[in-house]
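Here are my notes for you, point by point. Keep the picture open while you read.

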Amino acid sequence: MESLALYIHWPFCLAKCPYCDFNSHVRERIDQTRFARALRRELAWEAARLGRRRLTSIFFGGGTPSLMDPGTVAALIADARHLFDADGDIEVTLEANPTSVEADRLQEFATAGVNRISIGVQSLNAEDLARLGRQHSPAQAVAALETARLIFPRLSFDLIYARPGQTMPAWRGELRQALALAADHLSLYQLTIEPGTAYEALHRQGAIVLPDDETAAELYDATAEEAARFGLQPYEISNYAVPGSESRHNLAYWRYGDYAGIGPGAHGRLTLNGALIATRRHRAPEPWAIRVEEHGHGSTAEEIIQGRDRTREMLLMGLRLAEGIDAARFAGRTKSPILDAIDPDTLARAVDAGYIDWNGICLRATSEGRKRLDSLLTALVR
Ligand SMILES: C[S@@+](CC[C@H](N)C(=O)[O-])C[C@H]1O[C@@H](n2cnc3c(N)ncnc32)[C@H](O)[C@@H]1O
Ligand code: SF4
């Protein structure tokens, strides 16, 4: 039976960042007790149908889960440990924003059982932080990182680059400063314009201009080069780690393992009675809570993922990883040989061009391939 990764979504933020399309909402007052109860209830409901799976990781994502009461985090971790067979060294990550309110509570999250923290720094430059609509200053980000380093055995932080007007020397300088503060993991995302965000409107009006593809590729190369100097290897398109410190939780997604998603808008992929099921919860927090209160869960319609949909998903996920996809695992998980899922002519051309490696055991996108993964996948995946 597949092991399990558990994702828990906290859907609230202090403010909505103009680039962000995550399921996050701003409320004057949050009924912490109500949402804690609903999350615990939905977790129990999901566990009842899953049975005692081996649990390898828990990830509190958002939104801003560092706004949760630490007592709620502790209760959810204790519930998960009770409902599943938790690994002795289970990875428990919480995303935190670096405002002072949240930094002050880091110790309480560690006491609650969190052993890995992921901080949303985004930039170390004051003007860009303001443009990104962030609620923290560079000094607060640095202070949060320094505090977190003393408390958590594992620490990651996020930066967004390829920002409008960002020059190569400016990004290299900022990244070097960040790398000096880094521990074992970093997530370095190129800014994307997401539908429905305030940035999308500005982009349409021409007020935000993103770097062209060539500049973005140069920025990507420079990013990997700087990270490598600090011993951080790119193991996924946007994620860098000291070997052995990769996020186990995120690896479970990219390796197309089973994961349960609890909370508003959370997705899951679960093996149930031999079928692979896509689960999804209601996105809006209050209607989700009402459903949990009435039915024990806030699920919307679930569907079985099979055939082409399943092979596609596994390829799209696995080729993001530097390690690629193990062909035997692919066949086991999708019931289809990997070569049946890809176009043979495109594969031959992509191998010749140095974008894909294929040795009969493992299919992987090279670093050149990962840089142009979207167009590669469009051509490759049947
Ligand atoms: C769930 S979000 C944020 C977690 C936390 N609330 C925060 O803001 O620090 C995870 C990460 O996705 C990244 N992100 C969100 N929207 C993005 C976008 N449009 N382009 C690039 N990165 C983005 C940010 O780096 C963010 O920290
Ligand atoms: S980036 Fe983080 S803080 Fe900003 S709106 Fe998205 S989830 Fe909330």
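1. How many bridges join E5 to strand E6 (residues 185-190), and do they run parallel or antiparallel? There are six bridges, and the two strands run parallel. Asp158 stands opposite Ser187 in E6. Two strands count as paired if DSSP finds at least two bridges between them; helices (H or I, at least four residues) and strands (E, at least two) are DSSP runs, numbered from the N terminus.

2. Before going on, a word on the ground rules: this is a predicted model, where local features need pLDDT of at least 70 and side-chain atom pairs count only at pLDDT 80 or more, while totals for chains, interfaces and linings use all residues. Residues are numbered from 1 along each chain as its sequence is written, chains are lettered from A and ligands numbered from 1 in the order in which they are written, and side-chain values use heavy atoms, with hydrogens and water left out.

3. Back to E5 (residues 154-161), which also has strand E4 (residues 116-122) as a partner: six bridges join them, and they run parallel. Gln122 has Leu159 of E5 as its bridge partner.

4. Now try helix H1 (residues 32-50). At 1.5 Å a residue its 19 residues should span 27 Å, and the end C-alpha atoms are 27 Å apart, so the two agree; the expected span is 1.5 Å times one less than the number of residues. Its buried residues include Phe35, Leu39, Leu43 and Leu50. Just after H1, Gly51 takes a positive phi of about 80°.

5. Asp69 is worth a click. This residue sits in the loop between strand E2 (54-62) and H2 and, at 34% relative accessibility, counts as partly exposed. Asp69 and Gln32 are 37 residues apart in sequence, but 7.1 Å apart in space, C-alpha to C-alpha. Leaving out residues up to four places away in sequence, Asp69 touches Gln32 and Arg105, where contact means heavy atoms within 4.5 Å.

6. Further along, three strands make an open sheet in the order E13-E15-E14, with antiparallel pairing. Strand E13 (325-326) and strand E14 (356-358) are the edges, each pairing on one side only. Three bridges join E14 to strand E15 (residues 362-365), and Ile356 has Ala365 of E15 as its bridge partner.

7. Finish with helix H16 (residues 373-380), whose buried residues are Leu373, Leu376, Leu377 and Leu380. They cover an arc of only 95° around the axis, which puts them on the same side of H16. Asp374 and Thr378 are exposed on the other side. Among the elements that the buried residues of H16 pack against are E14 and E15.

Methods
Buried < 20%, exposed > 50% of the residue type's maximum accessible area, 1.4 Å probe, protein only. Arc of directions from axis to C-beta.
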